[in-house]
Amino acid sequence: MSKTGWLRRSRLVGRGALAVLCLVAGCTYTPPLQQTASATQRCVEEGHVLNVGFYAYFAPVSYSADEDPDAQEFQTHLGYEADLLTALEAMDGAGFSFARHPIAVWDDIWLQAATPQYDIVGGGITILDSRTLDAAGKKAIVFTAGHVAFRQSLLVRAEDESRLATYDDLTSAVRVGALAGTTGEFRLLQLTGLVDADGALTAGVRVETPQGTVVADGGPDYMITAAAESDSLVGRRHLHPPDDGMPQVVYLGAETGETALFDALEEGRIDAIARGEIGNRETAHARGGDFVVTALDEEVEYGGFALAVEDEALAACLQRMIDWLTDDRKIGYASWREDAGVFMQRAEMWQQ
């Protein structure tokens, strides 16, 4: 085992059998801190810095100060989750110190938490059982219990507010933009009948891909969920419905984030964007009334932080601290939007 591999396995509290491993490796073993009577609040060994990967393009939940990956400000983390992490660092005695690293690509971002590069991954990631599994179907990820609530919605041009008020208004003449692999995409496909409950594309759906056009047969070889897709659908660009009662789906933003979707909506290349309500409302506000939010979904989803499955003890300790900052979910996005300092105020009230 490399030194890097050993450090990844030994640095976090709650790892089993460290005492035995240390006898072999010649290191000094310290019991898991949250299990000792003297440091019941601490989640991480003193002086240890946790590497946090954050999605760079989900304003206002998690985003970089500059959209250009080559810009220095791209490394600066902003938004709801950024302020939550900063408040966690300010909780005296909890032991948190984060080094933050932007991630530009959304695809399987949650699985990055299972790599040596990151300890925690965030970015408005909806908690799904399917997202805890790796490509082999083995559990690789655990999530915190959730700190932000989402509902899916449509973002449309203001003049289309009444024309595209509900998902039932989405016909084959309507082009809906989506970011592949998101809950916004999957929920759109579900609500419009383009996939069944398991994610199988309806028979007759035509999908443009880099390898050419494929036609779904209604079976398991053509699947899209919020966690994965069939190999034949990777890199999908355009989805054409089999009948007039379903919309077209246009895929943009794989490399440049959701800005590509906003530009396409403004320019008339698409008619709507399938996306979470929080992000859509923020964009509508920023665009000065040019865009509006419609078709609010009745289902509520929760977003959390992803950690490697072997870091379950750290995830539990992290969740305890998040529960304090959010007052057991009573303080959420709406409170933060009204007062961005709300989490720091809670952090200052924390007593070890």
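**Close-up views of a predicted model**

At 6% relative accessibility, Phe 96 counts as buried, and this value, like every other in these legends, comes from a predicted model.

**View 1. Phe 96 and its ring partner Phe 98.** A pair of aromatic rings is described by the distance of the centres and the angle of the planes. The centres of the Phe 96 and Phe 98 rings are 5.4 Å apart and their planes stand at 25°, so this pair is stacked, given that planes under 30 degrees apart count as stacked. Phe 98, with a relative accessible area of 9%, is buried.

**View 2. A tilted pair formed by Tyr 80 and Tyr 333.** The count of aromatic pairs in the model comes to 11. In the pair shown here, the ring centres of Tyr 80 and Tyr 333 lie 6.1 Å apart with the planes at 45°, so the pair is tilted. Distant parts of the chain are linked in this way, since Tyr 80 belongs to helix H3 (residues 80–90) and Tyr 333 to helix H8 (residues 333–338), 253 residues apart. Tyr 80 has a relative accessible area of 0% and is buried, and Tyr 333, at 15% relative accessibility, counts as buried.

**View 3. A cluster of aromatic rings.** Tyr 55, Tyr 57, Phe 74, Trp 106 and Trp 110 are joined into a cluster by ring pairs.

**View 4. Arginine side chains over aromatic rings.** Over the face of Tyr 302 lies Arg 329, at 3.9 Å from the ring centre. In a second example, the ring of Trp 324 has the charged end of Arg 346 sitting over it, 4.3 Å from the ring's centre.

**View 5. The packing of helices H3 and H9.** Two packed helices are described by the angle between their axes and the distance between the axes. Helix H3 packs with helix H9 (residues 342–349) at an angle of about 15°, and their axes are 9 Å apart. This angle makes H3 roughly parallel to H9, because angles under 35 degrees count as roughly parallel. The crossing of the two helices, H3 and H9, is right-handed. On the H3 side, Tyr 80, Asp 83, Leu 84, Thr 86, Ala 87 and Ala 90 meet Phe 343, Met 344 and Ala 347 of H9.

**View 6. Asp 323 in helix H7.** Asp 323 is found in helix H7, which covers residues 312–325, and with a relative accessible area of 27% Asp 323 is partly exposed. Although Asp 323 and Gly 146 are 177 residues apart along the chain, their C-alpha atoms are separated by 9.3 Å.

Key. Residues are numbered from 1 along each chain as its sequence is written. This is a predicted model: local features need pLDDT of at least 70, side-chain atom pairs count only at pLDDT 80 or more; totals for chains, interfaces and linings use all residues. Side-chain values use heavy atoms; hydrogens and water are left out. Rings of Phe, Tyr and Trp (its six-membered ring) pair if their centres lie within 6.5 Å; planes under 30 degrees apart count as stacked, over 60 as edge-to-face and the rest as tilted. Helices (H or I, at least four residues) and strands (E, at least two) are DSSP runs, numbered from the N terminus. Buried means under 20% relative accessible area, exposed over 50%, partly exposed in between (1.4 Å probe, protein chains only). A charge sits over a ring if NZ of Lys or CZ of Arg is within 6 Å of the ring centre and within 35 degrees of the ring normal. Axes are lines fitted to C-alpha atoms, for helices over the stretch in contact, and angles run from 0 to 180 degrees between N-to-C directions. Angles under 35 degrees count as roughly parallel, over 145 as roughly antiparallel, 65 to 115 as roughly perpendicular and the rest as oblique. A crossing is left-handed if the near helix is turned anticlockwise from the far one by less than a right angle, and right-handed if clockwise. Contact means heavy atoms within 4.5 Å.
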